[in-house]
Amino acid sequence: MAEERALAMVTCTAPVNIAVIKYWGKRDNDLILPINSSLSVTLHQDQLKTTTTAAASRDFTEDRLWLNGEEANVGHPRLQACLREVQRLARKRRGGSAKDVGPLSLSYKIHIATENNFPTAAGLASSAAGYACLVSALARLYGVEGELSEVARHGSGSACRSMLGGFVQWQRGERPDGRDSLALQVAPETHWPELRVLVMVVSGEKKPVGSTAGMQTSVDTSPLLKHRAEVVVPERLELMMRHIRERDFEGFGQLTMKDSNQFHATCLDTFPPIFYLNDTSRHIIALVHRFNTHHGRTKVAYTFDAGPNAVIFTLADTVAEFVEVVKRSFPPATNGDQFLRGLPVGSASLSEELLAAVVTEPVPGAVRYILHTQPGPGPQLLDDPSQHLLGADGLPRRST
C-alpha cells in the first residue's frame, strides 16, 4: 500500500455571481433546494474573488477555520455539510478502484483559511464565492472530480452558480433528494465580450436581515412569492436565456430590472416587510431610468440582491458616460482617487442636455465606490505555493 502523505495543501479562488433572475425561498432548508430556478452572471475574479487554502495533515489535532485572518467557527453546519459531502465522494471514488498514489487519509484533521477581496455579508454574494471556493479546494485536496455544484449548494444555494463561469442557470430540480438541483452553464464568459458590470457599493455594513431568515419569512407569508415561483419565473427564465444567447441588451436589461423589482416587491409583501434597499438605492434606480429615457433605449440596467448595493449592467461603449453621470449625481466624499476601482474607465464629457435631464439633485458621498468588472470564469486552482494562505505549519501566513 502506498504511504500516506503527511501534509497536503491546495489553494483555489472562486468568483461572485449576480443573479439576473433571482432565487428567493427554499422548499427544503436542510438540502437548500430552491422554490424556483434562477440565472446569474459570474463576475471576473480579477476584481471580486474569494481565495481559500485547505490543508490536511496527520499532525493537526483539530479542524480549524480562519476567515479574513480571524479564527471562525469550523463547526458551522453548512461548512460541515460540504466537508462531509466531499469526503463521501472521495470515499466512493477510492472504494471503487485501486488506491491513488499516496492518497490523503480521510481521517486527517483539516485547516481552512479563506479571504475575500470585497466586504463580507454586505449583499455582494460573499457566501456564494466562499462556499464555491471551499468545495473547489476540498475537492482538489481529496482528488474528487465531476459534478460539484450540488456539493456547493449544501453550503449556500447561490454557491452552486459560482462553480461555473459566464452565464449560469441553477435548475430548481424535481427530486426530493436534490440530486437534480444543479448549476448548468448557459453561455461561457467569452460569449458576450462587450458586457460590463459596475458594482456600486452603497454600504459595506452587514445587512439588517440575513438572506436565510428573510427567505423563510417570505416563503411563509408572501402570496406574491408563491405566484412568482410558480408562474412568473419559468417564463422569465426562457426569455432571459434567449436574450443572452442573442446578446440582446435591450431585452436583457429590461428583464433584469423587472426581476430585481419583483424580488424586492416580494420582500415588501413579506410580513413583517423586509427592506433591503435604502434611499441611495432608490436614487440609483431613478437615475438609471432617467438615463435610459434620455437616450430613448435601455443602455444601463440595475439589479439589487439582498442589500442596498446596486449592480449595473451595461455595454463597454456606455461605461465612461454612465460613470461620469454617477460621479455628478453622487460626488465622491473624500476618496476621489479610490472612487473608481477595477477595470480602467475612460473619460467622457456630458452634454448640457443630458446633465439637465439626468443629473438632478446631487447626493455627495452616498456611493462609497464603483467597481468596474465583466463576466469571468469559474473557480481556479492556484499552482504557485507562495499564494497559499497557510504556512507549512498549517497556520495563517498573514492577516488581511
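This is a predicted model: local features need pLDDT of at least 70, side-chain atom pairs count only at pLDDT 80 or more; totals for chains, interfaces and linings use all residues.
**Rings, helices and a sheet**

Reader: Let me start with one side chain: is Tyr302 buried or exposed?
Author: Residues are numbered from 1 along each chain as its sequence is written, and side-chain values use heavy atoms, with hydrogens and water left out. Buried means under 20% relative accessible area, exposed over 50% and partly exposed in between (1.4 Å probe, protein chains only). Tyr302 has a relative accessibility of 1%, so the label is buried.

Reader: How many aromatic pairs are there?
Author: Rings of Phe, Tyr and Trp (its six-membered ring) pair if their centres lie within 6.5 Å; planes under 30 degrees apart count as stacked, over 60 as edge-to-face and the rest as tilted. With that rule, the number of aromatic pairs is 10.

Reader: What kind of pair do Tyr23 and Trp170 make?
Author: A pair of aromatic rings is described by the distance of the centres and the angle of the planes. For Tyr23 and Trp170 the centres are 4.6 Å apart and the planes stand at 70°, so the pair is edge-to-face.

Reader: How many residues apart are Tyr23 and Trp170?
Author: Helices (H or I, at least four residues) and strands (E, at least two) are DSSP runs, numbered from the N terminus. Tyr23 is in the loop between strand 2 (17-21) and strand 3 (26-28), and Trp170 belongs to strand 10 (residues 167-170). Tyr23 is buried at a relative accessible area of 10%, and Trp170 is buried at 0%.

Reader: How far is the charged end of Arg341 from the centre of the ring of Tyr369?
Author: A charge sits over a ring if NZ of Lys or CZ of Arg is within 6 Å of the ring centre and within 35 degrees of the ring normal. The charged end of Arg341 sits over the Tyr369 ring, and its distance from the centre is 3.6 Å.

Reader: In what order do the four strands of the open sheet run?
Author: Two strands pair if DSSP finds at least two bridges between them. Strand 2 and strand 5 (residues 38-42), for instance, pair in the antiparallel sense over four bridges. The pairing in this open sheet is antiparallel, and the order is 2-5-10-11.

Reader: Which helix packs on the sheet?
Author: Contact means heavy atoms within 4.5 Å; axes are lines fitted to C-alpha atoms, for helices over the stretch in contact, and angles run from 0 to 180 degrees between N-to-C directions. The packing helix touches strand 2, strand 5, strand 10 and strand 11, and its direction makes about 110° with that of strand 2. The helix, residues 223-245, is helix 5.

Reader: What separates the C-alpha atoms of Thr298 and Phe249?
Author: Thr298 lies in the loop between helix 7 (279-295) and strand 13 (300-303) and is buried at 7% relative accessibility. Not counting residues up to four places away in sequence, Thr298 touches several residues, among them Phe249 and Met257. Thr298 and Phe249 are 49 residues apart along the chain, and their C-alpha separation is 7.5 Å.
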